Amino acid sequence: MSQLLSPDNPQFQKRMWPLFRQFFRKAERNRRWDLENDIPWDKVNPNTSATIAGIVESFCAVELFLPDYVAKALPLIRTNRAWAWTHINWGYEEAKHSMALEDWLVRSGHRTEEYVADLAQGLLQHEWNLPLDTGAGMLIYAMVQELATWLNYRNLRLHVSESVDPCLFAILGHVMVDERSHFAYYKEVTQIFLEIDRPGTLEILRRVLGNFSMPALGIIAQSPQFRADICAMNIFSDEIFFRDVYQETLKVLGIDRQEMRSPRRVKKTDPEPLHLDK
């Protein structure tokens, strides 16, 4: 990785701290929500479909790998205060998402406390490993992943009527706002990457977008029925990823698809290019 994208780059450190403080200030003023008091738990609906409950369980399971998400990336960025504080703040908010989803599963009666405890215990016997080995790589991965996660929650919420299950509707709404805010912030940081080292940032984007998968899905056992439900309900698919994640990411970053093509390596046997005056 280019040293320009290192967490220790003084130029990047200087620019990221005020960006994080602004993000944190807005979150404190406008976005923070309370797990106990801002969710209408008294309006949970036990008759919400089993299909919806199964998808919520899967999303909850992905969140259970939070210890790996936080602990394995933090050593890559700990020397940059803004970057480390960003990651820790993200972990706090994701922990709240996990607890909210788990509480809905239990309070709705779709799962028991024993079931979700066993689910967590079983999953945590496995470890999730970083898909990239640099801080910049993981931040760009997080940017893409947060947009994809926002889409998952948004598309699921389209199947959850506020009049039918006000509780789950509210949870998904809060989580969606958090995920979209994470994406917007990581996008701003990535734009700084592009200013500092455009070729290096584009190379990371190629790797992330070309090989992207949601975290921990390879660990979580998923039945063919689950995959069929996700596609049938238009929650996530390859087409949705390409249209609403891949293309949207390039759009908000101001990157042309032609620029995403890997640069051709010139071989020693290649002839010198001709430069013709018009």
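How far is the sulfur of cysteine 167 from the closest cysteine sulfur? The distance is 14 Å, to the sulfur of cysteine 60, and that is too far for a bond. A disulfide is a pair of cysteine sulfur atoms within 2.5 Å, and by this rule the count comes to zero disulfides. Cysteine 60, then, is in no disulfide.

Before going on, note that this is a predicted model, in which local features need pLDDT of at least 70 and side-chain atom pairs count only at pLDDT 80 or more, while totals for chains, interfaces and linings use all residues. Residues are numbered from 1 along each chain as its sequence is written, and side-chain values use heavy atoms, with hydrogens and water left out.

**How confident is the model?**

The score to know is pLDDT, the predictor's confidence in each residue, from 0 to 100. The chain averages 91, and 91% of the residues score at least 70. Helices (DSSP runs of H or I, at least four residues) are numbered from the N terminus. Confidence is highest in H7, at a mean of 98, and lowest in H9, at 79. Over residues 266-278, pLDDT stays under 50, and the model has two contacts beyond four places in sequence for them. Where pLDDT is low, the predicted coordinates should not be read in detail.

**The core and helix H7**

A nonpolar core is a set of buried Ala, Val, Leu, Ile, Met, Phe, Trp, Tyr and Cys residues joined through side-chain atoms within 4.5 Å. The largest one here has 85 residues, and Trp104, Ile171, Phe193 and Leu205 have the most contacts inside it. Helix H7 (residues 166-196) gives the largest share of this core, 15 residues. In soluble globular proteins, nonpolar side chains tend to be buried together.

Contact means heavy atoms within 4.5 Å. Beyond its neighbours within four places in sequence, phenylalanine 193 is in contact with several residues, including Leu5, Phe12, Trp83 and Ile140.

H7 also packs against helix H8 (residues 198-210), at an angle of about 130° and with the axes 5 Å apart. Axes are lines fitted to C-alpha atoms, for helices over the stretch in contact, and angles run from 0 to 180 degrees between N-to-C directions. The pair counts as oblique, because angles under 35 degrees are roughly parallel, over 145 roughly antiparallel, 65 to 115 roughly perpendicular and the rest oblique. Where they meet, Thr190, Phe193, Leu194 and Ile196 in H7 face Arg198, Thr201 and Leu202 in H8.

**Buried or exposed?**

Buried means under 20% relative accessible area, exposed over 50%, and partly exposed in between (1.4 Å probe, protein chains only).

| Residue | Relative accessibility | Class |
|---|---|---|
| Cysteine 60 | 3% | buried |
| Cysteine 167 | 0% | buried |
| Asparagine 9 | 10% | buried |
| Leucine 64 | 13% | buried |
| Asparagine 234 | 52% | exposed |

Asparagine 9 is in the segment before helix H1 (10-31). Setting aside neighbours within four places in sequence, asparagine 9 is in contact with Gln3, Leu4 and Ile196.

Leucine 64 is in the loop between helix H2 (50-63) and helix H3 (66-77). Leucine 64 and leucine 119 are 55 residues apart in sequence and 9.2 Å apart in space, C-alpha to C-alpha. Not counting residues up to four places away in sequence, leucine 64 touches Ser98, Leu119, Ala120, Leu123 and Leu124.

Asparagine 234 is in the loop between helix H9 (224-232) and helix H10 (238-253). Asparagine 234 has a positive phi of about 55° although it is not a glycine. Most residues other than glycine have a negative phi.

Technical notes: Helices (H or I, at least four residues) and strands (E, at least two) are DSSP runs, numbered from the N terminus.
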